[in-house]
Amino acid sequence: MISVQHHFDLTSLNTLALTSQCSDYIALTQIEALEPAIAYAKAHHLNIFVLSGGSNLLLPEKFQALTLHILTQGQQILAESADDIVIKVQAGEIWHDFVCECCSKGYHGLENLALIPGRVGAAPIQNIGAYGVEVGEFIEQVWAYDLQHNQHIMLSAAECQFAYRDSLFKRHAGRYIIYAVSFRLLKQAKLKLNYADVAQRVGEQPSPEKLLKTIIEIRRQKLPQPQQYPNAGSFFKNPILTAEQFAQLQHTYPTIPHYPQSHGNEKVAAGWLIEQVGWKGKRLGHVGMFERQALVLVNYGNASLQDVQRTYQHIQSEIQQKFAIALEPEPVLLGESGQVLTHDVLK
């Protein structure tokens, strides 16, 4: 039921194009193969690394673990009313394709998240977000296998504990294997046009279709395509500051971009911070921040994980010195045993 490949090359399966090889690899195309794959890992004393679209990863050159590549496909309508629809989606579906398909069918809410790379199963982990929308707002349930308790589970959105670029799954990395997600989408769109450049481009007669097209255009203009410039998307989280911290910062830098959050906190733009220390378009060896979007770290040719770490740690250090802000990387950092490591965040 399962086909295991050994010494498998993952270089083409991570969008940063880091040279990487895992000891064992299984492409999971049928959910029925999940438990046999888990049994294989346990029998061979291997950690399980779940690979989705490979767009948010920092991989070591070699690691001893089972890479379980989730490629399952399929959708199912679970409930429908005059106002909304609940769709269960297999984890291996391509995220952007799903967003576009929903919009074309009149199921709305996800338009702001168009062109985010990756697959559906990874969306809840990071609670992906863009242009004022987070995916957790539309997730109804998540189906997963709990490796700690050796059982299938179904979690509600509340149980997933979604927060900014965070979730239960991220905080307990390596415990859950997500294999399906359901979304409650709207039949009457409530467009979110919080960002000025989005609202301006959509125009005076906005529609879900125009919003989707606008988001795609903006992302293509600002962000490099991994096929041309290997990258992991937005590399740093936008820092969230207390009202007091932000007031002090804004006094010195009145034009700093910021977005109000709950409890009086303010989210500031990491890309703006990076520009202020001169890293937009700057390179350190084979690694640098993209010339059109300072938040995107690019592999300009055969960079190693160590090259990437050296670059982003330089940036962290300079941001800390200038602004007293600790920038936190977004991508998942994998160790040589296939375990998720914690980034060293400068305080």
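Okay, some ground rules. Residues are numbered from 1 along each chain as its sequence is written, and side-chain values use heavy atoms, with hydrogens and water left out. Since the model is predicted, local features need pLDDT of at least 70 and side-chain atom pairs count only at pLDDT 80 or more, while totals for chains, interfaces and linings use all residues.

Let's start inside. In soluble globular proteins, nonpolar side chains tend to be buried together. By a nonpolar core I mean a set of buried Ala, Val, Leu, Ile, Met, Phe, Trp, Tyr and Cys residues joined through side-chain atoms within 4.5 Å. Buried is under 20% relative accessible area, exposed is over 50%, and partly exposed is in between, using a 1.4 Å probe and protein chains only.

The largest core here has 42 residues. Those with the most contacts inside it are W95, F98, L110, L113, V135, F183 and L185. Among the elements that give two or more residues to this core are strand 7 (84-90), helix 2 (95-105), strand 12 (176-186) and helix 6 (208-222).

Pick L113 and look around. What is it in contact with, leaving aside neighbours within four places in sequence? The list is W95, V99, I128, G129, A130, V133, E134 and V135, where contact means heavy atoms within 4.5 Å.

Now helix 2. Its buried residues include W95, H96, F98, V99, C102 and C103. These residues cover an arc of only 160° around the axis, so they sit on the same side of helix 2; the arc is taken from the directions from the helix axis to the C-beta atoms. What covers the buried residues of helix 2? The cover includes strand 6 (75-80), strand 7, helix 3 (123-126), strand 12 and helix 6.

A disulfide is a covalent bond between the sulfur atoms of two cysteines. The rule used here is a pair of cysteine sulfur atoms within 2.5 Å, and the count comes to zero. For C100, the nearest cysteine sulfur is that of C103, 7.5 Å away. For C160, the nearest is that of C102, 18 Å away. C100 is partly exposed at 24% relative accessible area, whereas C160 is buried at 0%.

Last stop, charges. Side chains of opposite charge can pair when their charged atoms come close. A salt bridge here is a side-chain nitrogen of Lys or Arg within 4 Å of a carboxyl oxygen of Asp or Glu, and the whole structure has twelve. One of them joins E101 and K105 at 2.8 Å, N to O. Both lie in helix 2, four residues apart, about one turn of the helix.

Compare R175 and D146, which meet at 2.9 Å, N to O. R175 is in the loop between helix 4 and strand 12 and D146 is in strand 10, so this pair ties together parts 29 residues apart in sequence. Buried or exposed? R175 counts as buried at 17%, and D146 counts as buried at 3%.
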